[in-house]
Amino acid sequence: MSTAVSPAPAGVATGHAPHAESNALIKPGYHPRLTNEDLAPLKKQTWGQYNIFAFWMADVHSVGGYITAGSLFALGLTSWQVLIALLVGILIVQFFCNLVAKPSQQTGTPYPVICRASFGVLGANIPAIIRGLIAVAWYGIQTYLASSAVMILALHFFPQWAPYADVAQHGFVGLSALGWAAFMVMWVLQAFVFWHGMEAIRKFIDWAGPGVYVVMAILCGWLVWKAGWSNIDLNLGGVKFQGWDAVPVMLSAIALVVSYFSGPMLNFGDFSRYGKSFDAVKKGNFWGLPINFVFFSLLTVVTTAATLPVFGELITDPVHTVGKIDSTTAVVLGALTFMIATVGINIVANFVSPAFDFSNVAPQHISWRTGGMIAAVGSIFLTPWNLYNNPQVIHYTLDVLGSFIGPLFGILIADFYIVRKQRVDVDALYTMSEQGEYWYQNGYNMKAVWTMIPAALVPILCVIVPGLRGGANYAWFIGMGLGFIIYTALNRKS
């Protein structure tokens with residue numbers, strides 16, 4: 001069903017006119033408090049299926065994605081059981097990504113703007129800030145993970161710098177001097193790509209994803225050649241579960257896959273808005289998710305399994321695998337590849353999101369670039385290495401924040417598909433008029449706010465209460481289901 005667009009109500013403050021080269025469609029009735037050139041609807045939507053496919057390649061091909069895929073094969077399941085879990089999990093992700101893509105693709109608006117339909121034109125800052133904070137935490141952690149590749153490169157060519165890699169000798173707030181240098185190198189590289197705008201990001205991810213594949217395939221082939229195929233066991237953790245005993249473990253693996261993609265899935269509208277058609281977005285999701293992810297996972301597990309016969313130990317971190325190779329060319333190529341891979345996922349998953357989210361809070365004062373830089377600077381003060389090196393802290397911090405993602409997703413989907421029957425008044429998303437469809441009560445839809453409280457509280461309890469810990473793996477599903485059901489129930493008269 002096509003998007004309904006009606007004229008903005010009269011008596012609304014006039015927005016700023018866009019620059020001649022801008023792709024933003026800013027109408028005279030759009031209120032400055034809700035509009036800038038980054039948040040306004042797009043004039044032209046130019047991304048084809050390859051661009052969406054490349055987006056998912058950039059999102060999957062990272063150190064975190066590598067470790068996550070490898071960890072599933074160490075759960076004690078047989079390889080075919082893990083592959084079934086991977087496929088089911090990623091098909092669920094594909095299904096929900098198609099759902100969340102449609103409203104933004106139809107309207108040409110980013111995630112925080114489309115949230116105005118369900119939360120109100122001012123209430124949309126609630127989901128925007130929550131998603132932005134989650135992205136800041138992950139942005140810092142991914143940058144820290146990638147900085148280890150920079151350190152491997154530095155120590156390979158300058159072994160005399162080893163004392164500066166020792167936090168006990170030369171350390172500051174838990175990170176060594178060389179660690180700080182490596183972290184800031186990655187930080188600046190990512191900021192450089194981001195600063196050049198969405199078109200530069202599109203060009204970067206268009207070649208970065210395939211490039212990572214090529215190098216990973218070479219690394220995998222070399223390890224298999226060194227190990228000999230007959231010496232490779234794909235059941236990394238040994239088979240511990242048989243028959244029906246394997247079902248709960250497989251369900252946990254499925255939930256883990258969905259949880260891993262839950263952040264990018266929630267704000268996928270930030271990217272689907274650029275899709276030239278919804279069909280192009282769906283095709284890009286098909287090639288980028290089930291096809292790409294399963295192939296990447298197979299490549300990952302073969303590479304990981306081959307480290308045991310080659311190096312005498314099972315190495316799940318690809319950066320450490322590269323560091324073990326006694327070849328300057330291999331170390332340089334491998335380290336640069338995983339640096340590029342992490343720049344890719346960090347920009348698409350953790351930079352673009354807070355850029356739009358924080359800009360949405362004060363559009364006339366915080367541009368898209370400024371919003372992204374707020375996230376980048378905030379990630380330094382978070383000292384992500386301390387978070388990452390303390391499993392309990394990172395577990396509670398990220399899981400509690402993640403407990404909000406499911407409810408936000410459930411509300412967004414229920415509002416667009418059930419309550420509004422896939423119809424959005426685009427102009428009303430940018431008006432502060434009290435007669436505007438999405439003004440509700442002083443700019444806030446209290447039904448969405450009241451839905452968030454129980455829908456987020458239950459998953460949080462699953463995370464922090466020991467007796468409910470079994471439900472923690474399914475926090476996203478619980479929150480999404482509750483958000484969807486409660487919001488639909490509260491709007492049943494509508």
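I take contact to mean heavy atoms within 4.5 Å. With that cut-off I looked up Phe 268, which touches Ile 52, Phe 55, Trp 56, Cys 97, Val 100, Ala 101, Val 281 and Asn 285, leaving out residues up to four places away in sequence.

I note that this is a predicted model, in which local features need pLDDT of at least 70 and side-chain atom pairs count only at pLDDT 80 or more, while totals for chains, interfaces and linings use all residues. Residues are numbered from 1 along each chain as its sequence is written, and side-chain values use heavy atoms, with hydrogens and water left out.

Overall fold. I find 19 helices and two strands in the chain (DSSP runs numbered from the N terminus, H or I of at least four residues for helices and E of at least two for strands). The radius of gyration, taken over C-alpha atoms, is 23 Å, close to the 23 Å that the globule rule gives for 494 residues, so the chain is as compact as a globular protein of that length; the rule is 2.2 Å times the number of residues to the power 0.38. Of the contacts with a separation of 6 or more, 80% join residues 24 or more positions apart.

Pockets. I count as a pocket an open set of points on a 1 Å grid over the protein atoms alone, where a 1.4 Å probe fits and protein lies on both sides within 12 Å along at least five of seven lines; lining residues have an atom within 4 Å of a point. The largest pocket holds about 1300 Å³ of space, and among its 40 lining residues Trp 138, Leu 256, Ser 259, Tyr 260 and Asp 399 lie nearest its centre. Helix H9 supplies the largest share of that lining, nine residues.

The second largest pocket has a volume of about 620 Å³ and is lined by 23 residues, with Asn 23, Asp 38, Met 198, Glu 199 and Tyr 274 nearest its centre. I record helix H8 (197-227) and helix H14 (368-381) as each supplying at least two of its lining residues, with the largest share, three residues, coming from H8.

Conventions. Points joined across faces, edges and corners; volume = space filled by probe spheres on them.
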